[in-house]
Amino acid sequence: MPQPPTLKTAEIFASIQGEGLRLGEATLFIRLSGCNLDCSFCDTRFALKGGVTQTTTEILEKTLYLCRSFPAEWVCITGGEPLCQDISNLVKTLKDRGLKIQVETNGTLYRTLAVDWYTVSPKPPEYFFKPEYVEQAREIKFVVSSELEFSVLKKARADFPLKTPIFLQPQSNLKWSRDKAWTLYKQGMKEGLKNLRLGCQLHKIYGIR
Ligand code: SF4
């Protein structure tokens, strides 16, 4: 029986970061189970419930094992919503091994952690995010779902510093969503929205995990 501190995990694997500014960088992914939201477009539904209970040591061992044949410098803790669980021990343990930590969050939860890179992806209908991310987010990512409106992008541009890029992430790379992302991007250009970026899911284009 695993002893605490334990976390519920959905999968641990090595790949490239397929989204955002870190696109294409070798990354070890720790996908945790559970989420406080239930988005209609969620493409990781398998991680919303259940999961395997593992100790921090077990997660570290698996991550370091993967690192032997795929020596990535970055670990991305994702989900689900990773901040539904107390990941402080995991973050510290990974950092003690010299790994850099990215956390992908929907932004509704915040914990004080020694994270190197927060990717904040606010979700409809409110697109709420904790105020701590205004300074701490390295990038903002909006899934271009049917709900996403231009006003949401305008508000985000006003809320976050100009240095923080806002990514338009087509929903599962679907054509209608790519078309909508391009339309929103052009509107952003017309209205002077700075640091707006067009994104994609590179791992899906390559057909990898
Ligand atoms: S916040 Fe993310 S993981 Fe949670 S339901 Fe929405 S898309 Fe899925």
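This is a predicted model: local features need pLDDT of at least 70, side-chain atom pairs count only at pLDDT 80 or more; totals for chains, interfaces and linings use all residues.
## Around the ligand

The ligand is surrounded by C35, L37, D38, C39, C42, T44, L48, G79, G80, E81, N106 and K123. Sorted by class, this shell has five nonpolar residues, four polar ones and three charged ones.

The peptide bond that joins G79 and G80 is cis, and its omega is about 15°. G80 is found in the loop between β4 and α2.

## The sheet

Nine strands make up an open sheet. Their order is β3-β1-β2-β4-β5-β6-β7-β8-β9, and the pairing is mixed. Which strands stand at the edges? They are β3, residues 52–55, and β9, residues 196–198. Each has a single partner strand, so one side of each is left without a neighbour in the sheet. From one strand to the next, the twist averages 30°.

T6 has T55 in β3 as its bridge partner. In it, S15 is partnered with T27 of β2.

Strand β8 covers residues 166–170 and runs parallel to β9. Three bridges join the two.

## A helix across the strands

Helix α1 spans residues 56–69. It lies across four strands: β1 (6–16), β2 (26–32), β3 and β4 (74–78). How does α1 run relative to β1? The angle between them is about 10°.

## The nonpolar core

The largest nonpolar core has 39 residues. Which residues have the most contacts inside it? They are I30, V75, I77, I140, F142, V144 and I166. Strand β7, residues 137–144, gives the core its largest share, with five residues.

Take I30 as an example. Set aside its neighbours within four places in sequence, and I30 is in contact with T9, I12, I59, T63, V75 and I77. Two of these contacts, V75 and I77, are also on the list of residues with the most contacts inside the core.

## L168, a buried strand residue

L168 sits in strand β8. Is L168 buried or exposed? It counts as buried, because 24 C-beta neighbours lie inside 10 Å. The cut-off for buried is 20 or more.

Leaving out neighbours within four places in sequence, L168 is in contact with F142, V144, A181, L184, Y185, R197, L198 and G199. Look at Y185 in that list. L168 and Y185 are 17 residues apart in sequence. In space, their C-alpha atoms are 7.8 Å apart.

## K95, a partly exposed helix residue

K95 belongs to helix α2, residues 88–96. Why does K95 count as partly exposed? It has 16 other C-beta atoms within 10 Å, and partly exposed means between the cut-offs of 12 or fewer for exposed and 20 or more for buried.

Not counting residues up to four places away in sequence, K95 touches I101 and A114. C84 is eleven residues from K95 along the chain. The C-alpha atoms of K95 and C84 are separated by 20 Å.

Most residues other than glycine have a negative phi, and most peptide bonds are trans. Several places in this model depart from that pattern. The bond between G79 and G80 is one of them, being cis. Another is the peptide bond from P124 to P125, also cis, with omega near 5°. P125 lies in the loop between β6 (117–120) and α3 (133–136).

S172 is not a glycine, yet its phi is positive, about 50°. S172 counts as exposed, because it has 12 C-beta neighbours inside 10 Å.

N173 has its place in the loop between β8 and α5 too. Its phi is positive at about 60°, although N173 is not a glycine. N173 is partly exposed, with 17 other C-beta atoms within 10 Å.

How values were computed:
Residues are numbered from 1 along each chain as its sequence is written. Two strands pair if DSSP finds at least two bridges between them. Axes are lines fitted to C-alpha atoms, for helices over the stretch in contact, and angles run from 0 to 180 degrees between N-to-C directions. Two residues are in contact if their C-beta atoms, placed from the backbone, lie within 7 Å. A residue is near a molecule or strand if its C-beta atom, placed from the backbone, lies within 6 Å of it. Ala, Val, Leu, Ile, Met, Phe, Trp, Tyr, Cys and Pro count as nonpolar, Asp, Glu, Lys and Arg as charged, and the others, Gly among them, as polar. A nonpolar core is a set of buried Ala, Val, Leu, Ile, Met, Phe, Trp, Tyr and Cys residues joined through C-beta atoms within 7 Å.
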